[in-house]
Amino acid sequence: MGTKTETGVQEAIRVAGGQRQLGEMVGASQQAVAKWARKGWVPVGRVIEVEQVTGVKRDRLVKPQLANLLADPATL
């Protein structure tokens, strides 16, 4: 059985020290962060903020279909 890859949201939660801590860093509830973790992506309105406080790149945080729309201009 292969190792499951950590999602961007899971990485952000780990870097922040937990769901509650990430929520506090971006002004969201722990319940909201738990919902992001279940879905596997952060709502578009929160992506830049989560990227700034955790260092996890935005293309790993968004819904996969939106990743190209939010590409960092510095990497283009």
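**Close-up views of the helices, core and salt bridges**

**View 1. The side chains of Glu 24 and Arg 20 meet in a salt bridge, with 2.9 Å from N to O.** A salt bridge here is a side-chain nitrogen of Lys or Arg within 4 Å of a carboxyl oxygen of Asp or Glu. The model is predicted, and local features need pLDDT of at least 70, side-chain atom pairs count only at pLDDT 80 or more, and totals for chains, interfaces and linings use all residues. Residues are numbered from 1 along each chain as its sequence is written, and side-chain values use heavy atoms, with hydrogens and water left out. Glu 24 and Arg 20 both belong to helix α2 and stand four residues apart, about one turn of the helix. Helices (H or I, at least four residues) and strands (E, at least two) are DSSP runs, numbered from the N terminus. Glu 24 counts as exposed, at 54% relative accessibility, whereas Arg 20 counts as partly exposed, at 46%. Buried denotes under 20% relative accessible area, exposed over 50%, and partly exposed the range in between (1.4 Å probe, protein chains only).

**View 2. The overall fold consists of five helices and zero strands.** Along the sequence the pattern reads α-α-α-α-α. Of the 76 residues of the protein, 30% count as buried. The protein exposes about 5000 Å², of which carbon and sulfur atoms supply 53%; accessible areas come from the Shrake-Rupley method with a 1.4 Å probe, and for residues only the protein chains shown count as cover. Among contacts in the protein with a separation of 6 or more, 37% join residues 24 or more positions apart. A contact requires heavy atoms within 4.5 Å.

**View 3. Helix α2 has the buried residues Leu 22, Gly 23 and Val 26.** These residues cover an arc of only 100° around the axis, which puts them on the same side of α2. The arc is that of the directions from the helix axis to the C-beta atoms. The cover over the buried residues of α2 includes α1, α3 and α4. Just after α2, Gly 27 adopts a positive phi of about 75°.

**View 4. Met 25 lies in helix α2 and counts as partly exposed, at 41% relative accessibility.** Not counting residues up to four places away in sequence, Met 25 touches Ala 16 and Val 53. The C-alpha atoms of Met 25 and Val 50 are separated by 8.1 Å, although these residues are 25 apart along the chain.

**View 5. Helix α3 (residues 30-39) has Val 33, Ala 34 and Trp 36 as its buried residues.** Seen down the axis of α3, these residues fall within an arc of 155°, so they line one face of the helix. They pack against α1 (8-16), α2 (19-26) and α4 (44-54). The face of α3 turned away from the buried side carries the exposed residues Gln 31 and Arg 38. Just after α3, Gly 40 takes a positive phi of about 95°.

**View 6. The largest nonpolar core contains 16 residues, of which Ala 12, Leu 22, Trp 36, Val 42, Val 50 and Leu 61 touch the most other members.** Helices α1, α2, α3 and α4 each supply at least two residues of this core, and the largest share, four residues, comes from α1. A nonpolar core is a set of buried Ala, Val, Leu, Ile, Met, Phe, Trp, Tyr and Cys residues joined through side-chain atoms within 4.5 Å. Leaving aside neighbours within four places in sequence, Leu 22 is in contact with Ala 12, Ile 13, Ala 16, Val 33, Trp 36, Val 50, Val 53 and Thr 54.

**View 7. Glu 11 forms a salt bridge with Arg 60, the closest N and O atoms being 2.1 Å apart.** Glu 11 lies in helix α1 and Arg 60 in helix α5 (residues 58-61), so the pair ties together parts that are 49 residues apart in sequence. Arg 60 is partly exposed, with a relative accessible area of 34%. A search of the whole structure finds five salt bridges.

**View 8. In helix α4, Glu 49 and Arg 46 are three residues apart, a separation of about one helical turn.** Their side chains meet in a salt bridge of 3.4 Å, N to O. Both residues are partly exposed: the relative accessible area of Glu 49 is 31%, and the relative accessibility of Arg 46 is 24%.
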